[in-house]
Number of protein chains: 2
Amino acid sequence: MILEPLYVTGLVEGEGCFCVSFSLRERLKMKIETRPSFFVSLNQADLPLLKKLHAFFNCGAIRYSNTDRTYKYEVRSVSELMRIIIPHFKKYSLHGKKLNDFKLFEEICKTIHANLHMNAKHLVEIIEKAYLMNPSGKRKYEKRDLLKVIDEIMV
Amino acid sequence: MILEPLYVTGLVEGEGCFCVSFSLRERLKMKIETRPSFFVSLNQADLPLLKKLHAFFNCGAIRYSNTDRTYKYEVRSVSELMRIIIPHFKKYSLHGKKLNDFKLFEEICKTIHANLHMNAKHLVEIIEKAYLMNPSGKRKYEKRDLLKVIDEIMV
């Protein structure tokens with residue numbers, strides 16, 4: 001049985017995440033890789049539900065996460081995020097605090113899609129917005145460390 | 001803005017709980033009180049969403065839970081569970097492992113609503129079903145301890 005669009009939005013309100021993470025990459029012009037991702041984590045008992053979610057969006061992939069021993073349905077491709085994921089949540093809106101994360105996520109994905117994250121000013125904006133999202137989440141880098149990397153490039 | 005029924009089902013798939021708990025009560029004929037409850041727990045940031053959920057179902061109450069420092073929208077009244085909550089999830093079905101919990105919950109509420117939980121055979125069935133639900137949850141009593149109480153009454 002196929003999932004209903006509004007059910008999917010409700011499930012994501014509780015179990016989904018719009019996340020933008022960063023990695024330091026010497027070879028990149030801005031030295032920082034920006035990686036947006038949309039995912040839903042569930043326990044093994046709900047793997048069939050994740051497969052239905054995968055079929056619903058028809059993009060992304062399911063993987064096992066050793067870190068928290070859950071299964072994750074995840075979409076990382078910026079073009080799929082722009083073409084499939086973001087339009088879904090524009091049409092079938094979130095109602096809780098995750099709506100704020102989604103709005104920031106949409107702005108960030110648009111900036112990346114327009115290739116503006118190669119520009120220092122826009123990359124700083126992306127970092128500022130990303131660090132407003134999921135405040136309870138763990139971060140590999142402090143915000144100030146990323147901003148410092150950009151500062152050093154601009155000198 | 002009012003919540004959509006299918007969104008509510010999706011949210012409950014992730015964040016909701018159908019639970020049946022038990023307490024020992026000397027004054028009761030069967031010595032065991034059976035308490036079914038439907039609840040959704042969210043952090044303080046999502047208190048406005050819980051209020052929308054309360055308005056949606058138009059029954060139950062919101063309370064703060066010291067145990068896990070969340071807010072809970074909860075419905076405990078068997079007649080409201082039978083009249084409002086259960087019909088919602090019959091019409092707008094769950095899709096994940098919570099669907100099994102819901103089916104057991106419905107059976108248990110029907111039995112209680114028909115006052116059959118005052119009968120030892122039915123109470124044993126209720127206990128057996130309740131301990132199949134939310135297997136990861138904590139329990140005040142071991143199943144065998146509750147069954148022993150009924151055994152002792154029947155002697």
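Good morning. Two residues are counted as in contact here if their C-beta atoms, placed from the backbone, lie within 7 Å. Please keep in mind that the structure before you is a predicted model.

I begin with the interface between the chains. The contact takes 18 residues from chain A and 19 residues from chain B. On the side of chain A that touches chain B, two elements give two or more residues: helix H1, residues 5–15, and helix H2, residues 47–57. The most comes from H1(A), which gives nine residues.

How are the two copies related?

I turn now to a pair of helices within chain B. Helix H3, residues 78–91, and helix H4, residues 98–113, have axes that come within 10 Å and cross at roughly 150°. Angles over 145 degrees count as roughly antiparallel, and H3(B) and H4(B) are therefore roughly antiparallel to each other. The crossing of H3(B) past H4(B) is left-handed.

Which residues make this contact? H3(B) contributes Val78(B), Leu81(B), Met82(B), Ile86(B) and Phe89(B), while H4(B) contributes Phe102(B), Glu106(B), Cys109(B), Ile112(B) and His113(B). Of the residues in this contact of H3(B) with H4(B), eight are nonpolar, one is polar and one is charged. Thank you for your attention.

Technical notes. Residues are numbered from 1 along each chain as its sequence is written. Chains are lettered from A and ligands numbered from 1 in the order in which they are written. This is a predicted model: local features need pLDDT of at least 70, side-chain atom pairs count only at pLDDT 80 or more; totals for chains, interfaces and linings use all residues. Axes are lines fitted to C-alpha atoms, for helices over the stretch in contact, and angles run from 0 to 180 degrees between N-to-C directions. Helices (H or I, at least four residues) and strands (E, at least two) are DSSP runs, numbered from the N terminus. Angles under 35 degrees count as roughly parallel, over 145 as roughly antiparallel, 65 to 115 as roughly perpendicular and the rest as oblique. A crossing is left-handed if the near helix is turned anticlockwise from the far one by less than a right angle, and right-handed if clockwise. Ala, Val, Leu, Ile, Met, Phe, Trp, Tyr, Cys and Pro count as nonpolar, Asp, Glu, Lys and Arg as charged, and the others, Gly among them, as polar.
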